[in-house]
Amino acid sequence: MSRRSVRRARGLLASAALLPLAAFCLGSAGPARAEAAKSMLLQADQLVYDSDGQTVSAVGHVEIVDDTRILNADNVTYDQKNDKVTASGHVSVTDASGNVAFADHVVLTDRMRDGALSGFGALIGKNGRLAAASAERVQDRMIIAQRAVYSPCKICAQQGQRTPLWQVKSEKVVLDQVKHRIHFTDATVDFFGVPVLYTPYLTEPDPTVKYASGLLAPDVGTSTKLGYFVRIPVYLAFSDSNGLTVQPEFTTQGGEMVEAEYRQRWNNSGLWLQASGAYNSVGGLGAAPGTQDYDHLFGAGRFALTDTWRTGFDTELTNNNAYMRLYDISNLDRLVNDIFVDDAYGRSRFAVTSYYFQGLRSTDVARRIPFIAPLLEYSYIPLQDWLGGQFRLDVNGIDVVRGSGRDEQRMTSEANWRKPMVMAGGQLWTFVLDGRGDAYNIQTPAATATGKATSQTLERGTGYGELDWRWPFVANGSPGHSYLLEPIAQAIAQPYSGHPVLLRDEDSTDFEFDENNIFSVNQLPGYDLLESGPRANIGIRAETYFPTGQASAVIGQTFRTKADPIFSSDAGEKGTASDMVGEVSVKFPHLDFTDRIDLNRDNGAVRRHEVYVTASYGRSSMQVTYLQLPSQNLTLGLPSRQQVNAQADVNFYENWEAFAAIERDLNAGQMLDTEYGIGYEDECLAISVAYRRKFTFDAFLGVPPSTSVVLHFSLKTGDQPVQPFSLFPKNVFSSSSHS
């Protein structure tokens, strides 16, 4: 007769006889198993020892816990003679990542490396679900399930909502717990319970994977520019810090195009490159009617050299003015390239940068667009005060070179000292002294073939003293309410310096006088133009805060003893009094409103007006922008503009969303761009269809108005926005550590 003993075991540390049982049930192996078992905890209603049968059983509410896993079951038995562990009744294993595996009955052999499971189910990640009629564990890493169903979608318990949006049914599923991939054989993909795709092989990463190589969901559509088209992106994950996306595009009227995007991050550095190439048998784009091959390159890189030194680049290049617009890559009409090295230490900074510009407008002449080689910037700001005030030294130099036209070099040095003071009643006084000097060297080409080029130098110096006064009045109202009213006055004493006749404005052509620079001593953005003469900036700022939001307003105006000749007759700064500029901003939890305005100094007419409205509620949002810009606020003499842009995304029913966007030229009374569409998105599926119409025509670039319809969809796992999938078979038992 077998000798058996029974003891209560709830809350007791597993004895030596039970350590193998606990270790095996939790899937450990080898030396690590024995080490982990030392800290395992076994809880059960009873422990049954059968010395003759060499079995140990835990019975009733069994829970075995170690540092990484928790096993629950009704009964667990360890057969020492046959090296077999049997768990039955509501078996579940939870790992450190939160993944849960379920089974009705589990038999594990060969030191727990292999086993058989019936009624198997698993929760993978947040929403991934795998269910199978039976399963087996192989090589201590693989779970092979038969007649299985997998879905990353949430399944509601309500009647009529138990079918996931999409799922994969497969005769055989292999779950690789080391590589975190799921492999399907003889698989059918169902949408809303309807089979839509069969494949003999399918593989995808499990929901815990953040990146993995494979195909991404394609885009398909039609366009009057390109005809029917399809984009098939492929993602290659090299590591957790770099990856490559390659996207071929095939069209019926625009030829073939392939686009690639590479991203990498390491330490305090990073790299991003986007390139494309296209072949169009029709050709004739832009100003190159004979070409049929087109390409572009965008990119940026930042590389840390030391703790403070770094280098980097930004690039925007194309071999054809119209190519990127035709293929909807970019609407930029000015491309900027730079390479730099800089050093930031304390509050100081040193940088050397070279620039190359590419113009895509019909008025651009390539040989007259300058190269900047280089731009030198140095700012020295000591951490300690000098003579009781704050000192700053700036040095700025530039070399402007053209293929045709005049070249120019400039060097500027400026020293600034400011002393802030708090006076009686909370008045804030700041006294500023500033001195600046400029040196220019200008080379002018010969006007005729027989003429001679000239080289001239000029120097310019100026200085000013400024007294800045502000008196903030602060009041508290009811709980959560506060108010601020602050008058501002700045008096600047500076001699008149004028503008040298030989000096061309290279860096201040796009000047906008607004509330951002109204209280600046020099309101111009660059170095070539220089304000001078006595003047004053007067204004007021107000703010209020309340429990549900805040509001602010600022308004200001500049006054001069006499007009500054550097400003043109239609500029907002012309005359002895400038335009009045200001901004009103209101922010609520679901609404932001900003109004920026420039009022004509003579008659109060609106010269520049910008309104920005952003509203959101739940998953719905709306953005509206109104622009009224005078001609002098636009670069290179473009005409005045009055335009409205609007975009809305409306979540009208559960996961369904409608979206629309318009761009309209109010001066011309015509649409520039419109887009309408509808989409659906939840935790495992995103699909949208969009209709877009571009109304503009550029005869020089050869890009006509166009209409396009694009269908986009992506399958998601719930843990990540988009998971790539692959139809390419591979050896699922490969020892490689990369997916």
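Start by selecting Leu387: at 81% relative accessibility it counts as exposed (over 50% relative accessible area is exposed, under 20% is buried and in between is partly exposed, with a 1.4 Å probe and protein chains only). You'll find Leu387 in the loop between strand 25 and strand 26 (390-401); strands here are DSSP runs of E, at least two residues, helices are runs of H or I, at least four, and both are numbered from the N terminus. Check the backbone while you're there: phi of Leu387 is near 55°, a positive value in a residue other than glycine.

A word on ground rules: this is a predicted model, where local features need pLDDT of at least 70 and side-chain atom pairs count only at pLDDT 80 or more, while totals for chains, interfaces and linings use all residues. Residues are numbered from 1 along each chain as its sequence is written, and side-chain values use heavy atoms, with hydrogens and water left out.

Next, jump to Arg147, which also has a positive phi, about 50°, without being a glycine. Arg147 belongs to strand 10 (residues 142-151) and is exposed, with a relative accessible area of 55%. For another backbone stop, select Ala373 and Pro374: the peptide bond joining them is cis, with omega about -5°. Pro374 lies in strand 25 (residues 371-380). Why flag these spots? Because most residues other than glycine have a negative phi, and most peptide bonds are trans.

Now zoom out. The protein has 3 helices and 42 strands, and 41% of its 739 residues count as buried. Take the contacts (heavy atoms within 4.5 Å) with a separation of 6 or more: 47% of them come from residues 24 or more positions apart.

Time to colour the rings. The structure holds 17 aromatic pairs, meaning Phe, Tyr or Trp rings (the six-membered one for Trp) with centres within 6.5 Å; planes under 30 degrees apart are stacked, over 60 edge-to-face and the rest tilted. Pick Trp309 and Phe350, an edge-to-face pair at 6.1 Å centre to centre, with 65° between the planes. Trp309 sits in strand 22 (residues 309-318) and Phe350 in strand 24 (residues 348-359), so this pair ties together parts that are 41 residues apart in sequence. Both are partly exposed, Trp309 at 31% and Phe350 at 24%.

Then select Tyr355 and Phe357, a stacked pair at 5.9 Å centre to centre and 5° between the planes. Tyr355 is partly exposed at 26% relative accessibility, as is Phe357 at 28%.

Charges over rings come next (NZ of Lys or CZ of Arg within 6 Å of the ring centre and within 35 degrees of the ring normal). Arg470 lies over the face of Phe519, 6.0 Å from the ring centre. Arg693 puts its charged end over the ring of Phe695, 5.3 Å from the centre.

Strand 38 (641-653), strand 40 (670-681), strand 41 (685-694) and strand 42 (706-715) each give two or more residues to the patch. Finish on Val709 in strand 42, partly exposed at 31%.
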